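This report looks at how parts of one protein chain pack together. The structure is shown first, and the description follows.

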Amino acid sequence: MIMLKIQEDILKEFPLGTVSDVKFEAAKIVIYVKDKELFARGFEIGKQLAQKFKKRFEIRLDPKFLPDEHIIVERIKNTLPREVGLRNIYVEKHLSTVVLEVYHPEKLDKEVINYLRTLTFCNIRVKRAPLKSSKTIDVIREYLHRQSEYRSKFLHEVGKRILSGIYDKPRRDWVRISVLGAGREVGRSAFLLQTPESNIIIDFGVGVSNVGSDAYPVLNLPEFDIDQIDAVVISHAHLDHIGFLPFLFKIGWRGPIYLTEPTRDLGALILLDYIKVAMRQLKQAPFSAKEVKEFLKHTITLDYGEVTDITPDIKITFQNAGHILGSAMIHMNIANKHNILYTGDLKVFPGRLLDKPITKFPRLETLIIESTYGGKEDYHPPRQDVEKEFINDVKSTLKEGGKVLIPVLAVGRAQEILLELSEAILNKEIPEVPIYIEGILWETSMIHTAYPEFLSKNLQKEIIEGKNPFEQEFIMRASPKERKNIMESEEPAIIVATSGMMNGGPIVDYFKYGAENEKNLLAFVSYQAKGTLGRRILDGEKEFILDKERVQVKLKYKKYDGFSGHADRRELVHFVGRLSPRPRQTIIVHGEPPKPFELASKLKKTFNIETYIPKIGDAIRLD
Ligand SMILES: [Zn+2]
């Protein structure tokens, strides 16, 4: 076995013959010891090594010395306190690790975990089970468990690349960002970051409302070479940020994807849904379920605030972006010289679901910020006012016997709106009518309950106490067959359905069956991009052909701006003003002109910051 210098140096720290292997798991170094004594002192040894080498360490017992799997399982079952609520045990023997899926990880203290470790000779990892079973989470966790041998080889290779040290001759001596998508448009966010040692992609989305080749990131730039891409970092699980990712696996790329755990799970779900929606429209998605599996196999998840090397000269840290569950701003430190903050989609004053994003960073020179609502006119009314207006409109629609249709993205607004409507029903502000949702919304809502750490403090508390905010008697799961009946019945109801911009998904059916009833209300609570059905309705078109049927728009429709998952102009300026340290330059992306230009002039005037508004294909040197 050829060893890297760092592996040799680590071996020297141990008595001869006590270590059987030094492996990498991405940026973490794992030492397999033969000696149970050394294993018992694992935490302490790991800490000492971390101080010396400035890396993360984990000490495991050589799998050869482990008890049989059934003994490990039995010892855990006999020892684990009942109130922890065991759901699943995954024994990964070749990694000397046991993964416990439990309902109440907060009831499992360190002492018990340590005790389990001495009983099983395995390191223990704990995962939270969703309050109600989620097929997505079950399938993903089971699949990753089955792939754990492949993943350990893969992670070792990733680690070798990260820890091999800086080359004698760097690839280049500059830092540059190229815009592959989302330059002067909303959709297909994708950027290429080139540093002296590495090439990484930040986000890789589809243009949900674009057609033809404009729907995908632009890859035919001279600087883009798929074989030279070291890693991909994804900000959040919306199609315009993650939707083209499986395509990389289709063309043979096999590198690591960094994201948060909820982004991984929600991402897999919406990617599979994207294939389904395309099929229903007799179109073909640019990838298949096979590549979604490849994506899962190559993910590396990080928590907010966790600093990690992802290449020899890039360290990243995710921070809450306030946009959707698991959404992250990405802070990138390049060779300790240059620091970039990419906001992804940003909400500065989120509603019930999430907490406010932070604005303090250790260092910051370049800010890459979205501008969906950065235009001069983009001031959203205060949240309470919109909520009041919305609830009032819902109330009067229901009173007249109409139905309320709310198009939502499967992740984010959907949960926010469900919480809001539930609260209004429970407070008797609106009558108790059924709120219909379909499969994917149920799934995404349940996924929220598996990751309370990523939610607002209030919701976190509720979920940890075992209350499921998305499970109410009046929230009903509808099947596609029921759509027509629901819309044609006399009973008032609320329908919350995808897709958010009505370019596909169940909402189009509900609209089709209910468009000609003037009692109904179509309530837009999120952004409607140019060219989508939602935008065309908002722009006043009165007649559509849907599934070969002529549909006339007679229902009421209304836009409620304050619900957006995106910061408005005031929030964006507030965010930049609060940033500490203040960035030297700002790159403005993810906005339809003139919005990015209008935001730029405001930022320049207010903070005297250099601004760039790149087009697709542009490259900006940062250092
Ligand atoms: Zn988004």
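## A covered helix

Helix H17 (residues 506-514) is mostly covered, with seven of its nine residues buried. A residue is buried if 20 or more other C-beta atoms, placed from the backbone, lie within 10 Å of its own. Helices (H or I, at least four residues) and strands (E, at least two) are DSSP runs, numbered from the N terminus. The buried residues of H17 are Pro506, Ile507, Val508, Tyr510, Phe511, Tyr513 and Gly514. Among the elements that cover them are strand E18 (403-407), helix H16 (483-488) and strand E21 (493-497).

## About the model

The model is predicted: local features need pLDDT of at least 70, side-chain atom pairs count only at pLDDT 80 or more, and totals for chains, interfaces and linings use all residues. Residues are numbered from 1 along each chain as its sequence is written.

## Two packed helices

The axes of helix H10 (residues 261-280) and helix H11 (residues 289-297) come within 10 Å and cross at roughly 170°. Axes are lines fitted to C-alpha atoms, for helices over the stretch in contact, and angles run from 0 to 180 degrees between N-to-C directions. H10 is therefore roughly antiparallel to H11 (angles over 145 degrees count as such).

In H10, Ala268, Leu271, Leu272 and Ile275 meet Ala289, Val292 and Leu296 of H11; two residues are in contact if their C-beta atoms, placed from the backbone, lie within 7 Å.

Leaving aside neighbours within four places in sequence, Val496 is in contact with residues including Ile406, Val408, Ala414 and Ile417.

Conventions. Buried ≥ 20, exposed ≤ 12 C-beta atoms within 10 Å, placed from the backbone. Parallel < 35°, antiparallel > 145°, perpendicular 65-115°, else oblique.
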